[in-house]
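Hi,

Here is the structure I said I would pass on.

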Amino acid sequence: MATNNNNIPFVFLLLTGVITACSSVLDHSSSVVVPTSFRIKSARVIVMNGLGPNNTLTIHCKSKDNDLGEQNIDFNKTSEWSFTNNLFGRTLFWCRMWWYDHHKLVWGSYRVYKGHDDIDNCGGADGNVCVRKAQWDGVYFVQKDGTFKKVYDWTIRR
């Protein structure tokens, strides 16, 4: 029985498109949308400044495909963005965060979202709202039950 090889290029292109599907990001501060051809499951990350009055938190967040740029967050304010996880749940966002404590640089580089770990384990009705809060002693993640858990310590440069 003869096989039909005419469909091989079509199948290859289809599989390539599925495998390389990347996430879509909506940055709420600038309303920039990076489109994607697949909609898998959306998520939202919120970074809060809980450092205290007169302390500005600066963040620079990015994934493999999206650079959200540098943002300054005043005390009790937030920065947030929404995106669609990639096909295999491998979406990963890192943020460099820093602030000054009495003229000392306090900083860190932290994973703030990882698809497999966070997509169903954050808050919100669908478990897809991931809140991260910078406090003077470290960075906290909101758990499913609404409580904060310290996940990262700061590095202090004297």
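**What I found**

The protein has 158 residues, and 41% of them count as buried. Bear in mind that this is a predicted model.

As for the secondary structure, you'll find 2 helices and 12 strands. Reading from the N terminus, the order is α-β-β-β-β-β-β-β-β-α-β-β-β-β. I also checked how far along the chain the contacts reach. Taking contacts between residues at least 6 apart in sequence, 53% join residues at least 24 apart.

An open sheet is built from 5 strands, in the order 5-4-7-8-12, with antiparallel pairing. Which strands stand at the edges? They are strand 5 (67-73) and strand 12 (155-157). Each has a single partner strand, so one side of each is left without a neighbour in the sheet. On average, neighbouring strands in this sheet are turned by 20° against each other, ignoring direction.

Strand 4 covers residues 57-62 and pairs with strand 5 in the antiparallel sense, over 5 bridges. Within strand 5, N72 is the residue that stands opposite T58. As a reminder, strands of a sheet pair through backbone hydrogen bonds, either parallel or antiparallel.

Cheers

Notes: Residues numbered from 1 in each chain as written. Predicted model: local features only at pLDDT ≥ 70, side-chain atom pairs only at ≥ 80, totals over all residues. Heavy atoms only, no water. Helix = DSSP H or I, 4+ residues; strand = E, 2+ residues; numbered from the N terminus. Buried < 20%, exposed > 50% of the residue type's maximum accessible area, 1.4 Å probe, protein only. Contact = heavy atoms within 4.5 Å. Pairing = 2+ DSSP bridges. Axes fitted to C-alpha atoms, helices over the stretch in contact; angles between N-to-C directions.
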